[in-house]
Amino acid sequence: MAEHKGILVCGELANGKLASITTELLGCGRGLADDLKQELSCLLTGDAIGGAAEEAVTYGADRVYKVEHASLKEYEPDSYMQVAEKLVNEISPRAVLMGQTFMGRDFAPRLAFRMGSSLSTDCIDLSIDSETKMLVQTKPVYGSNAQAVFSSETYPQMVTVRSKAMSPIEPDSSRKGEVIPYEVDIDISKVRTKTLDTVKEEAVGMKLEDAPVIVCGGRGLGGAEPFHTTLKELADLLHGAVGASRPPADNGWVPESLHIGLTGKIVAPDLYFAIAVSGASQHTAGCSSSKHIIAINKDPEANIFREAEFGVVGKYEEVVPALTNKLKDLLAK
Ligand SMILES: Cc1cc2nc3c(=O)[nH]c(=O)nc-3n(C[C@H](O)[C@H](O)[C@H](O)COP(=O)(O)OP(=O)(O)OC[C@H]3O[C@@H](n4cnc5c(N)ncnc54)[C@H](O)[C@@H]3O)c2cc1C
């Protein structure tokens, strides 16, 4: 059996730079590689990668494989597979890390199948077992009510990692690493899908995934208007973003892109306001990794108070404007 060595991060780009999930994966991968006393590699694909490969070195990669090809402009599984399969077979990593992102959710199971390996999705913690040197993979289960720990005996050990679950290392421009232009003869005849059109999500303010503060509203808000007024005012004041539970998105009060939970976005901001949200497990699955949760709900029995660190029982119409005004006063001092 070939020796499996090192950690490989399959990176993603956003606007020509490393996506934040990639810097987080590199931070985590750096720690795992150090524990194994092995190397950390990063695969970057795109039609023009620019300085992102060098950026990956500053974030901890020892070696960056850079594949530039017109067919890699957008994520497309058949061309990506030709690249990743070739590289993984060639460098034989012990573990492959990807983001629990649109691309990672789609691509990681395909690659794991192709490699005859297994995959743990949506991990929130990774470590190396000091005796067996296996990758220990922790992920939330049962709607985040429990955590399960997995390991697998097949290589490469493959995982996708939840956004914001890991921290990047401080980028260091003096770090040394190798950037390797990696040639792959992509067979376009094997590419079965093509992107006809790309519709950019309307970006109003900060992206939910990047926001340090999220002000989330639920069905109890009763309509679209408070999302644009009461909640937005609080979010703007704290340089945060407005989010929603599923019913507001289903009812068309907010765009689907604001929907947080099991079937929406998984977020982990420093501060999460849950306003008129009951706290169903499918919702808390998307926000329970937040550092601090503050709940505002008129029902003292609402489940969200079990998740929250601080809670206010009251009508949001009264509590939120009072809170916003108080914060304005404090911030003005
Ligand atoms: C397979 C599946 C997947 C799902 N995925 C998701 C998901 O990803 N995300 C998600 O959010 N849900 C999801 N759901 C739905 C989930 O089960 C809940 O129905 C949903 O989270 C409830 O949303 P809510 O808390 O906004 O509404 P409700 O449960 O109706 O709660 C509204 C809350 O507002 C409070 N309230 C009302 N008026 C006021 C007021 N004036 N001031 C203060 N408080 C007030 C009420 O006391 C109540 O607690 C999923 C369900 C299923 C079956």
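A residue is taken as buried if 20 or more other C-beta atoms lie within 10 Å of its own C-beta atom. In this predicted model, K164 has 20 other C-beta atoms within 10 Å and is therefore buried. K164 sits in the loop between β11 and β12 (178–181). Its phi is positive, near 70°, although the residue is not a glycine. N15 also has a positive phi, of about 50°, and is likewise not a glycine. N15 lies in the loop between β2 and β3 (17–18). With 5 other C-beta atoms within 10 Å, N15 is exposed. Most residues other than glycine have a negative phi, and most peptide bonds are trans. The bond between Y155 and P156 is cis, with omega about -5°. P156 belongs to the loop between β10 (146–150) and β11.

The chain is assigned two domains. Domain 1 covers 7–190, and domain 2 covers 208–332. Their centres, taken over C-alpha atoms, are 32 Å apart. Ten residues of domain 1 and eleven residues of domain 2 form the contact. On the domain 1 side, three of these residues are nonpolar, five are polar and two are charged.

Strand β6 spans residues 95–99. Five of its five residues are buried, so the strand is largely enclosed by the rest of the structure. A95, L97 and G99 point one way from β6. V96 and M98 point the other way. β6 pairs with two strands named here. Strand β1 (residues 7–10) runs parallel to β6 and is joined to it by three bridges. In this pairing, I7 stands opposite A95. Strand β11 (residues 157–161) is also parallel to β6, over five bridges. Here V96 faces M158 of β11.

Beyond its neighbours up to four places away in sequence, L97 touches I7, V9, L25, C28, G29, V159 and V161. In soluble globular proteins, nonpolar side chains tend to be buried together.

A charged residue, E12, is found in the loop between β1 and β2 (13–14). E12 has 22 C-beta neighbours inside 10 Å and therefore counts as buried. Leaving aside residues up to four places away in sequence, E12 touches A19, I21, T22, G99, T101 and M103. One of these, G99, is part of β6 and is itself buried. A70 lies 58 residues from E12 along the chain, and the C-alpha atoms of the two are separated by 16 Å.

Terms used. Residues numbered from 1 in each chain as written. Predicted model: local features only at pLDDT ≥ 70, side-chain atom pairs only at ≥ 80, totals over all residues. Domains from an automatic or database assignment. Contact = placed C-beta atoms within 7 Å. Buried ≥ 20, exposed ≤ 12 C-beta atoms within 10 Å, placed from the backbone. Helix = DSSP H or I, 4+ residues; strand = E, 2+ residues; numbered from the N terminus. Pairing = 2+ DSSP bridges.
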